Amino acid sequence: MKKKFIGLLIVGFLVAIATISFVKNNVDETEAFAGEQMGTDMAANPANEGIGQGDRAPNFTLTTLDGKEVSLADYQGKKVVLNFWATWCPPCKAEMPHMQNYYEDMAEQENVEILAVNLTSSDVGIDKVKLFKEDYGLSFLIPLDEEGDVGKTYQAITIPTTYMIDTTGTIQNKIVGPMDEQMLTDYVSKLK
């Protein structure tokens, strides 16, 4: 009888741990940024060295996760959200559901494309990137910066780093840090 009681206690304890773990892992996306500082626009900041607001966005050609070659120049005439990220980056993980929601809801209406450049040269492998894309249900393009050259050109030192590029190919904003869906909406709506 005593063994059954102890067994039931152990089972109850394990069920409680599993329930708590499930709840913690399924926190509402809007709470993903709780306690997290949102991104800051550094494009016009005098401390920002290199490319910034008003500069022509440097062209690049990368291969996407799906094996398709893509160039930034392919999107001339569209607004572009150029995001640099990695799978191991917690703020990147927090911002991706917001980017996906924005992409699904607003991409066509706002004439915008999201290019989420994975900094593959400093990430943990293409298999992890593929798994990340599947887990997060991402449908926008994920070019792979396998050599790290594009990340260096765009000075993606702190990630996530996101550039807002207008329809003429001009950089309007450089956001360092994570963004939520409202920030994306606000910045993209100001692009011409």
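Seven aromatic pairs were counted in the predicted model, a pair being two rings of Phe, Tyr or Trp (its six-membered ring) with centres within 6.5 Å; planes under 30 degrees apart count as stacked, over 60 as edge-to-face and the rest as tilted. The pair of Phe60 and Tyr154 is edge-to-face, because the ring centres lie 6.2 Å apart and the planes stand at 90°. Phe60 belongs to the loop between β1 (40-41) and β2 (61-64), and Tyr154 to the loop between α4 (149-153) and β7 (161-165), 94 residues apart. Phe60 is buried at 6% relative accessibility, as is Tyr154 at 1% (buried, under 20% relative accessible area; exposed, over 50%; partly exposed, in between; 1.4 Å probe, protein chains only).

Phe84 and Tyr163 also form an edge-to-face pair, with 6.4 Å from centre to centre and 85° between the planes. Because Phe84 lies in strand β4 (residues 79-85) and Tyr163 in strand β7, this pair ties together parts 79 residues apart in sequence. Phe84 is buried at 0% relative accessibility, and Tyr163 is buried with a relative accessible area of 0%. Phe60, Phe84, Tyr154 and Tyr163 form one aromatic cluster.

The protein comprises five helices and eight strands, assigned as DSSP runs (helices, H or I, at least four residues; strands, E, at least two) and numbered from the N terminus. Of the 192 residues, 45% are buried. Among contacts (heavy atoms within 4.5 Å) between residues at least 6 apart in sequence, 74% join residues at least 24 apart.

Residues are numbered from 1 along each chain as its sequence is written, and side-chain values use heavy atoms, with hydrogens and water left out. As the model is predicted, local features need pLDDT of at least 70 and side-chain atom pairs count only at pLDDT 80 or more, whereas totals for chains, interfaces and linings use all residues.
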